[in-house]
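Dear colleague,

I am passing on the structure below, together with notes on what turned up when it was examined. Please read the notes alongside the coordinates.

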Amino acid sequence: MTKIPGEFEPTKPITKAERAARKAFRQVDAGKAMTEHEIAQKAFSANRERLKAERLMREAINR
């Protein structure tokens, strides 16, 4: 069977095992993404607090 340009091949059905494996991988990937997001948020918050403290100290000195 030759494929004509622009023609799509029908998708083959996935098995229950493949579906379960995909679900497990998606859950792991989602967990990693959430962990990375939380780490980034904590770093952002810590940096913001540090900059705020520096700004407040400069303002206190300049008064």
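Predicted model: local features only at pLDDT ≥ 70, side-chain atom pairs only at ≥ 80, totals over all residues.

E59 is partly exposed, with a relative accessible area of 32%, where buried means under 20% relative accessible area, exposed over 50% and partly exposed in between, computed with a 1.4 Å probe and with protein chains only. The side chain of E59 meets that of R55 in a salt bridge with an N to O distance of 3.3 Å, the term standing for a side-chain nitrogen of Lys or Arg within 4 Å of a carboxyl oxygen of Asp or Glu. Residues are numbered from 1 along each chain as its sequence is written, and side-chain values use heavy atoms, with hydrogens and water left out.

Three salt bridges are found in a search of the whole structure. In another of them, R50 pairs with E54, the closest N and O atoms being 2.8 Å apart, and these residues too are four apart in helix α1, about one turn of the helix. R50 counts as partly exposed at 43% relative accessibility, and E54 is partly exposed at 31%. E49 forms a salt bridge with R48, with 4.0 Å between the closest N and O atoms; E49 is partly exposed at 42%, as is R48 at 43%.

As for the fold, the chain has one helix and zero strands, these being DSSP runs numbered from the N terminus (H or I of at least four residues for helices, E of at least two for strands). Helix α1 covers residues 16-62 and includes R22.

The C-alpha trace spans about 85 × 30 × 10 Å along its principal axes, and buried residues make up 0% of the 63 residues.

Best regards
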